[in-house]
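Biologist: Could you take me through this model, and tell me what stands behind each term you use?

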Amino acid sequence: MGVRRHSPIAPWLFGAPALIGLMLFLVLPFVMAVILTFTDQRLVSPRPGAFVGLRNYQRLLSVGALVQTPERSAAGAPVYARVRSITRGNRAYAGYRPLTAFRLGNRRVTVLATDPAFLQALGNTMLFAVLVVPLQCAMALGLALLVNAGLRGQTLFRAIFFSPVVMSMVIVSVVWAFLFNKDLGLFNQALGWISLGAVRPVDWLGNPATAMPAIVIMSAWQGAGFQMLILLAGLQGISQELYDAARLDGASAWQRFVHITLPGLRQTVLFVAVVTTIAALGLFTQVDVMTGGGPRGTTATVMFEAVRHGVREENIAYGATISVVYFALITLVIVVQQAIRRRRGGGVA
Amino acid sequence: MTPAQRWSIPLRLALHALMVVLAAVFLFPFLFMLASSLKTNDAIFADLESGRALLPVGDLTGANYVGAFARGHIGHYLANSVLITVVTVALGLVVNSLAAFALARLEWRGKQVVITLLVILLVVPFEAISVPLMLLVAKLPGIAFGADGVVLTGSWLDTIYVQIIPFVANTFSIFLFYQVFRDIPRDFDEAAYVDGATPWQVYRHIIVPSSGPVFATVTILQALAMWNQYLWPLITVPGEAARPLMVGMEQFFSARKTAWGEVMAYAALITVPVLIAFVFFQRWFVRSVVGSGVKG
């Protein structure tokens, strides 16, 4: 040991193909993305992009608010002037379009943004993550506990629960698009049958209120088996002696779960939650195949907007800006994870 | 003594029943896909109101599969996807294991810096760089094989290799190899070096033969990822010639939304080979996933 027995360039020769590949196809595009955000580069253009400062970020993230008092609330509901009649021709609101509106007392507050579609997509992406991460992790934990219970046939059941993971998300989306179909889908057929016709058919993917929840349920179904296996490995890493000792002390199954299983799984659960969150924030395939971002923009996501602007509209600089914002989100998730891990004193992992 | 043996029989039965119900929840989309792929559209709709929707019963037909080949060009896309997956995985096994060998078993300056860099790069999701990477490959000089022989082109877009080359080097694969190579006892290679062996011989005759499982793990994870690629070919391969399966599936689905049977046949053709591989190599799939869990 310590004595070098090979030529000093040998390691570089071994590492070169991989390192060159990573530099060219991972590091360089990342650096390019950051530089592009300060330009107006187009995908296909004879002209090189010009420096535009923070204009892309401004367009992406600028928000404002318009507060209106009712014009006359004579005999009933208050009436407000049309937002467009105020913003049109007003320099202060140039480029702003309404994102959403809400009531505050008798005032109406209209939130304006220069790219309301992106902010809506950002909100949709967060909503997806907030819904799918707990659902998928809880499903995965339940499945892991079930196939770890020592019941007969658990290897078979483990394989069945895992099988959607090996299926491509495109295929899953296509098959589920049929299951979600309003008139002929299996879900509406089953609902109608169970409720004896009382429940009207739901247009799952065509209704702004149900489209995202439908994608959430499908995504959790597809991915839970993956987390199940990782949690299962975590479960099997908990010492059986702890359970035996607790049982001798008369602890109930629930007490053993709360005081041994959950603390023992803490690191694994944190890891699984972070991996699931990062994947959720990149939501794209399901949306592209099933809804194309609709209805009324309720399923558009950050990645969907990045591809729409960067590739389909050939505004690569703007698409890159969205990618950088997406990466900032991921970084935030990892910083939060590290903070939780440190605070809980979770050990060496 | 397993935990279940301590549980009462009614509880065990209840848990078993729960598992069976859940298994049905996880299996029914597969069953619906397979059963529908063998029926005419009329039969699919007629069967929807009963359990027959999930069973291959009634007048079965292979016409949907014929349609998937004739109208969906699935044979062509299948060949592209197989080529892309096999070449990427094969090159990746060599390139990434060589890099991991240099990191785990050779002494050199700058090694720690490279390892730290790799750990940082591990968390960059592909989605975050896909749009700028697309601009990059659109400007790289490429080659094309046309009627006039080999010609130089100004872009990698719309080729098979744009779906291969960027994915050969993979931080995660390097890491999986690195963790295994690092833990192989050093006695053998020390002895081999004393006898005048080169690093290549040590890699080839000591390290690779003693780490078969990690090669299988990396093969499965990479093959699944490549087979299921969607976003990247969607944005870089607009034409039909180099189109892979998943993009072909999406196009077929958009164009023939009402031809349920044909779409399901197309989906079944893509899924069944992977499911068969999964059934045969289940143990290795499980190992791969658990291995990927050490990432944290």
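Modeller: Gladly; here is how the terms apply to the two chains. This is a predicted model, in which local features need pLDDT of at least 70, side-chain atom pairs count only at pLDDT 80 or more, and totals for chains, interfaces and linings use all residues. Residues are numbered from 1 along each chain as its sequence is written, while chains are lettered from A and ligands numbered from 1 in the order in which they are written.

Biologist: How do you know what confidence the predictor has in chain A?

Modeller: From pLDDT, the predictor's confidence in each residue, from 0 to 100. Chain A has a mean of 87, and 95% of its residues reach 70 or more. Helices here are DSSP runs (H or I, at least four residues), as are strands (E, at least two), numbered from the N terminus.

Biologist: What makes helix 8 of chain A roughly perpendicular to helix 15 of chain B?

Modeller: Helix 8 (residues 211–236) of chain A packs on helix 15 (residues 282–292) of chain B at about 75°, with the axes 9 Å apart. Angles of 65 to 115 degrees count as roughly perpendicular (under 35 is roughly parallel, over 145 roughly antiparallel, the rest oblique), so this pair is roughly perpendicular. The axes are lines fitted to C-alpha atoms over the stretch in contact, and angles run from 0 to 180 degrees between N-to-C directions.

Biologist: Which residues of the two helices make that contact?

Modeller: Helix 8 of chain A brings Phe226(A), Leu229(A), Ile230(A) and Ala233(A), and helix 15 of chain B brings Val286(B), Val289(B) and Val290(B). Residues are in contact if their C-beta atoms, placed from the backbone, lie within 7 Å.

Biologist: Why is that contact called nonpolar?

Modeller: Ala, Val, Leu, Ile, Met, Phe, Trp, Tyr, Cys and Pro count as nonpolar, Asp, Glu, Lys and Arg as charged, and the others, Gly among them, as polar. The contact has 7 nonpolar, no polar and no charged residues.

Biologist: How many residues does each chain give to the whole contact?

Modeller: Chain A gives 70 residues and chain B 75. Helix 1 (residues 10–36) of chain A gives the most to its side, with 17 residues. That side divides into 56 nonpolar, 12 polar and 2 charged residues.

Biologist: How does chain B compare with a compact globule?

Modeller: A compact globule of 296 residues would have a radius of gyration near 19 Å, but chain B has 24 Å. The radius is taken over C-alpha atoms, and the globule rule is 2.2 Å times the number of residues to the power 0.38.
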